[in-house]
Each structure stands twice: as C-alpha cells, then as structure tokens.
Amino acid sequence: MRAPAKINLHLGVGPSREDGYHQLATVYQAIGLYDDVTATEADDWSVSVTVTADLDASEVPLDGSNIAIRAGHLLCAHHGIERAARLEIAKSIPVAGGLAGGSADAAAALVALDRLWDLQTSDDDLLAIAGRLGSDVPFALVGGTAYGTGRGELVEPVTDHGHWWWVVVPNAVGLSTAAVYAEYDALGLGEHLRPPQGLFSALAEARPERLAAELHNDLEPAALELRPDLLDIRHEIETAGGYAALLSGSGPTWLALAGDADHARDVASELARDHDVVLCAPGPVAGAHVVTYA
C-alpha cells in the first residue's frame, strides 16, 4: 500500500482541550510524496524501514511502539482475531518534518492488513480506527483536499479544482510536534476557530495567486520561536520566486507554492543551491491505495 504526505493549507489551532488535544480547523491536502508499506503474514509482529537517499529515519521506532504495528493491533482487536505480520516500510516522506509520514504509514498498514487478511473492514470502521491512532491518520486514508475539525480526525472533502505544485524543503533537524504545541500554549495564541471561507473559494477557483494569499498556519510563530533559524528559509523561498512560503504543520519543513510544474522546478533549482534536499510534489493526490511493483 502507498500513502501520501499531508500538508495543511490552513491550520487554525484553538486552546488546549481537557483531553490534552487542541481543537483544530484545518484544510489538508495530500501531495505526491509517499511511504510504501508491504504487509506479509508472520508468526510475530515486526517492522523494518528503508529510506530514499538523504532521508534520516533514525528516529523511527522499530518495536511495538511503531504506529504501523499499533495500527495492526487495533485492527485485530476490532475483529477479535489474533494475527501478526511483518511490515516493511519504504519511506520517502521526511521524518519529523510536519508532513505526517507516521500517519501515512499507519493508514497504509491498516489497508494493507485488511487486504492481506480479507477482513473487509467498512470504510467507517477504518476511519474510526484511524482516528484512535492519530489526528492525521484518517486524512491519510481519504487523501485529496479535505477540511478537518475536532482534533483533525473528522474530515470531509473540499471542492478543489486546482492542480497545484509545491516545492518541499525539508530540514536536517526535526522539530517535535509536542514542543511546538507547548510553545503555542505558552505564547497564549489560541483563538476562536472558524472555517477559512477565502481558502475554500481559492481552491474552487483554482487560482494560485489567490491561494497564495489565503495560506495560513497558526503554529508558525511558535515554531519560529523555537527555531528562529527557519526564518531564513522563508526569505530564501520568497527570493527564489515562490508565490508563498508556508511552514508545513508543526515544521520544520517549508513549502513553496508554485504556479505549475515548470515554475516548481525553477524555484527548486534556486533553493537547491543552499539545500541538500529539495523536492517537487503535485497535489492533491489520492489517499492510501494499492501499488504493484514491476
């Protein structure tokens, strides 16, 4: 199974809730960076990880705490069965970069194991299990462009007529999502949430310049407070000709919105002068789906 990275075109963050999570109003988009998960029947659970060049997966756990294995346990518990599998994860999504690579792994594992064991789990049940694993996992199943509420796990499709191109600039040093949210709380930035109607209109109209003006991330001030060095990358994106610079989720990955594929390649070429890894990715793309290797 293959599942995509996610970006947040809008990330509105409310105050911390009683359960420790924050209320969110976010617009997700799945982009063309993927992790692949292969599931094989086994006597015991195990997970292995391989990465594409220049990616560091040293922070990915290889024990039962890995989110893909936890997905397998929840799926088994849902059906009242005792099974196990070997999960092989081929990562192309940067780790700890605000792109929900772990959530992609969990979504891909859920669907892979459901197919492997012919469990025929309903879509609603898969989404419910995904929501227990993490706020971004349900969206990794759905893909496309969607509006997320609750803590992000309640997703509904958004009308999006655009074919967007993004330049992705990962960072060699990850940034803890928990630390960014804690800093957000410390700065007292929580506010009343409302649907981003201007962004919805920009997506429906498929106009990059309009979309650029509507991109927003409430977590950006907190992330920059923890990592002021990231501000330099935003300036580099603006100098390179990106329509807009957007911090992806809790960071530290930056995104540049481009007008089309050629523009994305031009911006990426400029940014590659100072960064070892610069990627181009289209969006929106499909959620978790089957792939066949030749």
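Reader: Which helix gives the largest share of the lining of the largest pocket?

Author: This is a predicted model, with residues numbered from 1 along each chain as its sequence is written, where local features need pLDDT of at least 70 and side-chain atom pairs count only at pLDDT 80 or more, while totals for chains, interfaces and linings use all residues. Side-chain values use heavy atoms, leaving out hydrogens and water. Strand E1 (2-16), strand E2 (22-41), helix H1 (67-79), helix H2 (101-116) and helix H5 (177-186) each supply at least two lining residues (helices, H or I, have at least four residues and strands, E, at least two, as DSSP runs numbered from the N terminus). The largest share, four residues, comes from H2.

Reader: And what volume does the largest pocket have?

Author: A pocket here is an open set of points on a 1 Å grid over the protein atoms alone, where a 1.4 Å probe fits, with protein on both sides within 12 Å along at least five of seven lines; lining residues have an atom within 4 Å of a point. Points are joined across faces, edges and corners, and the volume is the space filled by probe spheres set on them. For the largest pocket that comes to about 1,100 Å³.

Reader: Where does the largest pocket lie relative to the domains?

Author: The domain bounds come from an automatic or database assignment. Both domains give residues to the lining, so the pocket lies between domain 1 (2-157) and domain 2 (164-283).

Reader: Is Ser 103 buried or exposed?

Author: Ser 103 sits in helix H2 and touches Asp 136, Val 137 and Ala 140, setting aside residues up to four places away in sequence (contact means heavy atoms within 4.5 Å). Buried means under 20% relative accessible area, exposed over 50%, and partly exposed in between, with a 1.4 Å probe and protein chains only. At 11% relative accessibility, Ser 103 therefore counts as buried.

Reader: What about Ala 100, buried or exposed?

Author: Ala 100 belongs to the loop between E4 and H2. Apart from neighbours within four places in sequence, Ala 100 is in contact with Lys 6 and Asp 136. Its relative accessible area is 17%, so Ala 100 is buried.

Reader: Which feature does UniProt place at Ser 103 and Ala 104?

Author: The UniProt entry is unreviewed, and the feature also takes in Pro 94, Val 95, Ala 96, Gly 97, Gly 98, Leu 99, Ala 100, Gly 101 and Gly 102. Among these residues, Pro 94, Val 95 and Ser 103 are included in the lining of the largest pocket. UniProt positions follow the numbering used here, feature names are shortened, and annotations may be inferred rather than shown by experiment. The name in the record is "binding site".

Reader: How much space lies in the second largest pocket?

Author: Its lining draws at least three residues from each of domain 1 (2-157) and domain 2 (164-283). That lining divides into ten nonpolar, six polar and four charged residues. The space in the second largest pocket is about 420 Å³.

Methods
Ala, Val, Leu, Ile, Met, Phe, Trp, Tyr, Cys and Pro count as nonpolar, Asp, Glu, Lys and Arg as charged, and the others, Gly among them, as polar.
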